[in-house]
Amino acid sequence: MRFQGQTALVTGGAKGIGAATAKRLAAEGATVVVADFDEAAAEETAQAIGGHAVRCDVTNREDVEAAVEAAVAAGGSLDILVACAGIIRDNMLFKMSDDDWDAVIDTHLKGTFFAVRAAQKPMVAQKSGKIVVISSTSALGNRGQTNYSTAKAGLQGMCKTLAIELGPFNVNVNCVAPGFIATAMTEQTADRMGVPFEQFMEAVSAEVPLRRVGQPDDVAGTIAYLCSEDASYVSGQVLYVRGGP
Ligand code: NAP
C-alpha cells in the first residue's frame, strides 16, 4: 500500500497503459482520478477501481485545470500526476498533413505541458509530488512517425527541465519510454499495416530480447515505482521499458 492516503491523476487513464496505471495506483491505496477524452470508458475504468472519472481533453487548458481541481477535491491534495494521454497519426513525411502534425504535437506536448503546469501548483504548495510523463522508443526515431517521435523526444527534454525546476520543491519528475506495448494504439498500427494483430505481435516479439511484447501492466509497474518513495532520489530520468536495452 505504497500510495495510501495519496491522490493520483492519470490522463488518458481510461484505456491501455493509463488504465493499467490507474488500477495499479488504486490497488496500492491511492485515490485515483481517471481523466480521459472518452468519458464512458473513463467512468468504466474508474468504477472498476473505486476511483473518480472526469471528461478531459488534454489539449484544452480549461479541461486539464478542471481535472487537477477535481483530483484535489477528491483527495484533498494532488500527490501523483501520470500524463498518459496520447494518439498516433502515422504517415511518411511526404504524406503527413498539417492536421497529423498538429494533433500529435498538441496532444502529447501541449497536453502534457497543460497537465504538468496545473499539477505543479498544489505540489509546490505542499512541497511534495511525483510526476511521470510518457515518452517512447520512437523518440529515438521511427519510420512514419515524424510527428510522434518529435513529440516523444520533446517530452524527454520537458522531463529533465521540470526535474531541475521542481526538484527544490521536493517534486520528482521522471519519464517512462515504452517499446511496443499491446494496446489499442498498437492495434491501430497493425490495422494500418494490414497485418492481423497477433501476427504483428509475433513479429515484434522476435526482435525483443525478452521475446515477448510488453503489456500495459509492465509499464504500470515501472510508473508505480517512480511514483513511490522507493524512487525518492530518482528524478529527471528516462527509463526505457522495452524488454531489452
Ligand atoms: P491507448 O490505449 O490508445 O490509450 C490512450 C488513451 O488516451 C485513450 O483512452 C485515449 O482516448 C486517450 N486520449 C487520447 N487523446 C486524448 C486527449 N486529447 N485527451 C485525453 N485523453 C486522450 O494508448 P496506450 O498505448 O495506452 O498509450 C498511452 C501512452 O503511452 C501514450 O502517450 C502513448 O504515446 C504511449 N506509448 C505507447 C506505446 C505502445 O506501444 N502502446 C509505446 C510507447 C509509448 P481515445 O481512445 O478516446 O482516443
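Buried means under 20% relative accessible area (1.4 Å probe, protein chains only). In a regular strand the side chains alternate between the two faces of the sheet. Because 8 of the 8 residues of S6 (residues 171-178) are buried, the strand is largely enclosed by the rest of the structure.

This is a predicted model: local features need pLDDT of at least 70, side-chain atom pairs count only at pLDDT 80 or more, and totals for chains, interfaces and linings use all residues. Residues are numbered from 1 along each chain as its sequence is written, and side-chain values use heavy atoms, without hydrogens and water.

Strands (E, at least two residues) and helices (H or I, at least four) are DSSP runs, numbered from the N terminus. S6 has parallel partners, S5 and S7. Strands pair if DSSP finds at least two bridges between them.

| Partner of S6 | Residues | Bridges |
|---|---|---|
| S5 | 129-134 | 6 bridges |
| S7 | 238-241 | 4 bridges |

Ile-134 stands opposite Val-176 in S6. Pro-178 has Val-241 in S7 as its bridge partner.

Now the ligand. Its polar contacts are pairs of N or O atoms within 3.5 Å. A side-chain N or O atom of Lys-15 is 2.5 Å from a ligand oxygen atom. For Ile-181, a polar backbone atom is 2.8 Å from an oxygen atom of the ligand. The protein covers 91% of the 880 Å² of accessible area that the ligand has on its own (Shrake-Rupley method, 1.4 Å probe). H6 gives the most to the shell around the ligand, with 3 residues.

Technical notes: Buried means under 20% relative accessible area, exposed over 50%, partly exposed in between (1.4 Å probe, protein chains only). A polar contact is a pair of N or O atoms within 3.5 Å; within protein, one must be able to donate a hydrogen and the other to accept it, and residues adjacent in sequence count only if both atoms are side-chain atoms.
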